[in-house]
Amino acid sequence: MGFNFNIGWNSSMPTSVERNSDGSFFFEQVTSDARHNRLLTETQKLNAVLSNPAVLKVFTLNCDLFSLGKITSNGEANEFLRSKRSKPNFKQTWTQFMWEYMFWVQTGTAYLWSPNNALSENDTIQWLNPICIEWDTDLIDKLKGLVFSEATYKDILKGTIKYNLGNGTTKLIPLNEITPFFDLSNAIDGNFYKGASRLDALYKVISNSEQALDAKSINLEFTKKFMVSGKNSDDNIMNLVMPDGEKSSIESSMRSNKSVHAVKTPVNISRFVENIASLKLDDSYYNDFFMIGSMYGIPKDVLESAIRGNSTYDNQEKAIGRHVDYVMKPKGKMLTDELEDKFNFTGLDMSWSHLSFNQVFEIQKQTVIKAKLDNAILAKSNEINIDDYED
């Protein structure tokens, strides 16, 4: 998150202020909680996604569904972008392009680079990795300023960012060739080229999920360990501490292939972790997965089906339909609006009507139509004017 604002400043002033390389600020004040790492940088956000199975599962659910959508123009059946260029760039298909758009948007901001600000067989477009972007301090100050005129706006867009190509070299890219797309607002810290991220709000949830996974790993390791002890009488004060040699002998004997062991006294054997299921570590992971999924707008039935597979077909398909309407379509509209503005296209729309989940709604629609026809036929046979009973 670019800017961490705390209402409690009136009672407790910040004790430190940090500025990241992207120009965002983090204010810290004295708190009862121990200081922990914040998801401030793009690198931290990406690591949180790629290293946590719950977050990555949520991201891929949304990316997979979004990439199945088709962008059309003025209601035509053909995919519009494919008609302009067979592939968006030399490395990707259009399906991969759409998948990557949703991935970066969910981290906070997706940056589209169009070198010639055009789209044809001679012009490529691709997404930039936010981690590789270096923002100049002067440019950040301009982006955080107020814009009152088109001249000021054009002057800002003359600035450049430095992009790390990953091979030890960098490339200067003019800001007017980059189009940002935001998951949330882009006005949190004033930099209108950077959007806020839900990952910041999910920091503790993600951290707890990782600790639950670590705890399960540790407990699984200890389920393989045993403790062996003798059963001597409590009133025998002559018991001596077991010498190291005897201890080593017992430990090596327990790991041997012998099926019979002779001992002088009864032996008690117990696991370090007797019942790992009682810790409910898997439940903790599932709860975190549902919380993260709900934050990204995924209906419960879709989440249930993805992780447990116990949702009914109709409920799952209806949930996917709601998910498309309330999450996919707004992000698709944001993409098509910017493509229209940047490349002078018209009538662009993104649709998922070709997918199978729509059959459930079509069946419901046909059921309603049939019921109306049956009512009309019945009313006519009884010489009843059905219009008198309609609102």
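The model is predicted, so some ground rules apply: local features need pLDDT of at least 70, side-chain atom pairs count only at pLDDT 80 or more, and totals for chains, interfaces and linings use all residues. Residues are numbered from 1 along each chain as its sequence is written, and side-chain values use heavy atoms, with hydrogens and water left out.

Confidence comes first. The score here is pLDDT, the predictor's confidence in each residue, running from 0 to 100. The protein chain averages a pLDDT of 76, and 62% of the residues score at least 70. Residues 1-16 have a pLDDT below 50, and beyond near neighbours in sequence this stretch has 34 contacts in the model (a contact means heavy atoms within 4.5 Å). Residues 27-37 also stay under 50, and the model gives them 25 contacts beyond four places in sequence. Where pLDDT is low, the predicted coordinates should not be read in detail.

Now for the helices. Helices (H or I, at least four residues) and strands (E, at least two) are DSSP runs, numbered from the N terminus. Their axes are lines fitted to C-alpha atoms, for helices over the stretch in contact, and angles run from 0 to 180 degrees between N-to-C directions. Angles under 35 degrees count as roughly parallel, over 145 as roughly antiparallel, 65 to 115 as roughly perpendicular and the rest as oblique.

Helix α1 (residues 42-51) and α2 have axes that come within 5 Å and cross at roughly 90°. The two are therefore roughly perpendicular to each other. On the α1 side the contact uses A48, V49, L50 and S51, while α2 brings P53, V55, L56 and F59. Sorted by class, this contact of α1 with α2 has 7 nonpolar, 1 polar and no charged residues. In this sorting, Ala, Val, Leu, Ile, Met, Phe, Trp, Tyr, Cys and Pro count as nonpolar, Asp, Glu, Lys and Arg as charged, and the others, Gly among them, as polar.

Helix α2 (residues 53-67) also meets helix α4 (residues 94-107): their axes come within 8 Å and cross at roughly 140°. That makes α2 oblique to α4. Residues of α2 in this contact include V58, F59 and F66, and those of α4 include M98, W99 and F103. By class, the contact of α2 with α4 has 9 nonpolar, 6 polar and 1 charged residues.

Helix α4 meets α1 as well, with axes that come within 10 Å and cross at roughly 115°. Here K45, L46, V49 and L50 of α1 touch F103, W104 and T107 of α4. The class count for α1 with α4 is 5 nonpolar, 1 polar and 1 charged residues.

Next come the sheets, in which two strands pair if DSSP finds at least two bridges between them. Strand β4 (residues 109-113) is joined to β5 by 3 bridges, and Y111 stands opposite L128 in β5.

Strands β7 and β8 form a hairpin with 5 residues between them, and G166 in the turn has a positive phi of about 85°.
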